[in-house]
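Reader: I would like to learn how to read the features of a fold, one after another. Could you take me through this one slowly?

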Amino acid sequence: MRTYATAQETGLRDNQCDATAVYTAPSGTRAYVLLDGIGSTDAVREWTRAAAARLARRAARRGNAETGLRAVYDAYAAERGAWGDYEPKAAAVVAVTAPGKPTTIAWCGDSRAYRLTPDGTFDCLTRDHNLRRVYPPTDWHDGGNRNRITSCLGATSTDQDCMDAVGHPAIETATVPPGTWRLLLASDGAYEPHEDGRHDLAALATGDHLGRAACDITGLAVTRSIAASRALDPSRPYADNATVLLADIAP
C-alpha cells in the first residue's frame, strides 16, 4: 500500500504555483516537501517545482530537515545576492523520516505541517512566518496581514536579519518522536478556508484512502474559499492554489 499521497487544486489563480516532492535516499531516509510559490506566473511555477525536488533530495541525503532546508536556502541566497527581491520565492516546509529516528520538520514561510495520531490527537507542528504572528490579533485590532509572509525560500535574509526585523529566525524546526502517525503538509490555500470556516480538518485527513482524503481537503478548500469570497462580494470570487501532502509515518 502506498504510504503517501498528494492533491492539488489551482483554484481561481492563473497558474498552479504550489509544488510537492518526495525523495527516498538509499539509507531509507525519506523527505516530504511542500512549497507554495509566491506569485502566479509561469516562471514561479517552474522554479517552485525545481526547488521542491532540489530540497527533497538534499534533505533526504542529509537525513535531517533543518540541515537540508538550510543548505538549499543558503544556496539560493548565494546565487541571488543583491538581486534576490526580483527572483521567485516560496513558502517551504519539509519533513524527514529516518529508520529508528525522530521525524524532523523545518520551514520558512506559512506552509504548515500537522500531526494526526491514531488516538485522535491533531496538532500543528509549525508556526507561521507572517505578519499575523508578528502582530497577533487583539480585542482592539485584527492583527497583522497573514498574507504577508516574513520568511521564505529564495530570500537572502539571515536568521539574525529576521530576528531583528520580525522576532523569529529565517528557518524554524520541530521534532516528532518515533511512532505511528499521519503527516499533513498544507499550503495556506488548503488550510485557511477550513480554519476560517471552523471546519474539522482532522476529520478530512482521516481514513484509509490517502488519495481520497487529500483530494477532499483541497477540493473543499477551493469550494469554501469561493463561497466565502462571494458572500463578501459576489462580483469578486477568489480561491488560492490549494495543495496537500499526506503520509503515514511508522516507527
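Reader: Which strands does helix α5 lie across, and at about what angle does α5 run to β10?

Author: Before the answer, a word on the source: this is a predicted model, in which local features need pLDDT of at least 70 and side-chain atom pairs count only at pLDDT 80 or more, while totals for chains, interfaces and linings use all residues. Residues are numbered from 1 along each chain as its sequence is written, and side-chain values use heavy atoms, with hydrogens and water left out. Helices (H or I, at least four residues) and strands (E, at least two) are DSSP runs, numbered from the N terminus; contact means heavy atoms within 4.5 Å; and axes are lines fitted to C-alpha atoms, for helices over the stretch in contact, with angles running from 0 to 180 degrees between N-to-C directions. In this model, helix α5 (residues 188-196) lies across β6, β9 and β10 (242-249), and its direction is at about 90 degrees to β10.

Reader: What is the strand order of the open sheet that has β1 and β7 in it, and which pairing does this sheet have?

Author: Strands of a sheet pair through backbone hydrogen bonds, either parallel or antiparallel. Here two strands count as paired if DSSP finds at least two bridges between them. The order in this open sheet of 5 strands is β1-β10-β9-β6-β7, and the pairing is antiparallel. Because β1 (4-9) and β7 (122-124) stand at the edges with a single partner strand each, one side of each is left without a neighbour in the sheet. On average, neighbouring strands of this sheet are turned by 15 degrees against each other, direction ignored. Within the sheet, β6 (residues 112-116) and β9 (residues 181-186) form an antiparallel pair over 5 bridges, and Ala113 stands opposite Leu185 in β9.

Reader: How do α5 and helix α7 pack, that is, at what angle and with their axes how far apart?

Author: Two packed helices are described by the angle between their axes and the distance between the axes. For α5 and α7 (residues 210-232), the angle is about 60 degrees and the axes are 8 Å apart. That makes α5 oblique to α7, where angles under 35 degrees count as roughly parallel, over 145 as roughly antiparallel, 65 to 115 as roughly perpendicular and the rest as oblique. The crossing of α5 and α7 is left-handed (the near helix is turned anticlockwise from the far one by less than a right angle; clockwise would be right-handed). On the α5 side, Gly189, Ala190, Pro193 and His194 meet Ile217, Leu220, Ala221, Arg224 and Ser225 in α7. The residues of this contact divide into 5 nonpolar, 3 polar and 1 charged (Ala, Val, Leu, Ile, Met, Phe, Trp, Tyr, Cys and Pro count as nonpolar, Asp, Glu, Lys and Arg as charged, and the others, Gly among them, as polar).

Reader: Which hand does the crossing of α1 and α2 have?

Author: Helix α1 (residues 42-62) packs on helix α2 (residues 65-80) at an angle of about 135 degrees, with their axes 7 Å apart, which makes α1 oblique to α2. Their crossing is right-handed. Among the residues that make the contact are Trp47, Leu55 and Arg58 of α1 and Leu69, Val72 and Tyr76 of α2.

Reader: In what order do the strands of the sheet with β2 and β8 come?

Author: This open sheet of 5 strands runs β2-β3-β4-β5-β8, with antiparallel pairing. In it, β2 and β3 (residues 30-37) pair in the antiparallel sense over 7 bridges, with Val22 opposite Tyr32 and Ala21 opposite Val33.
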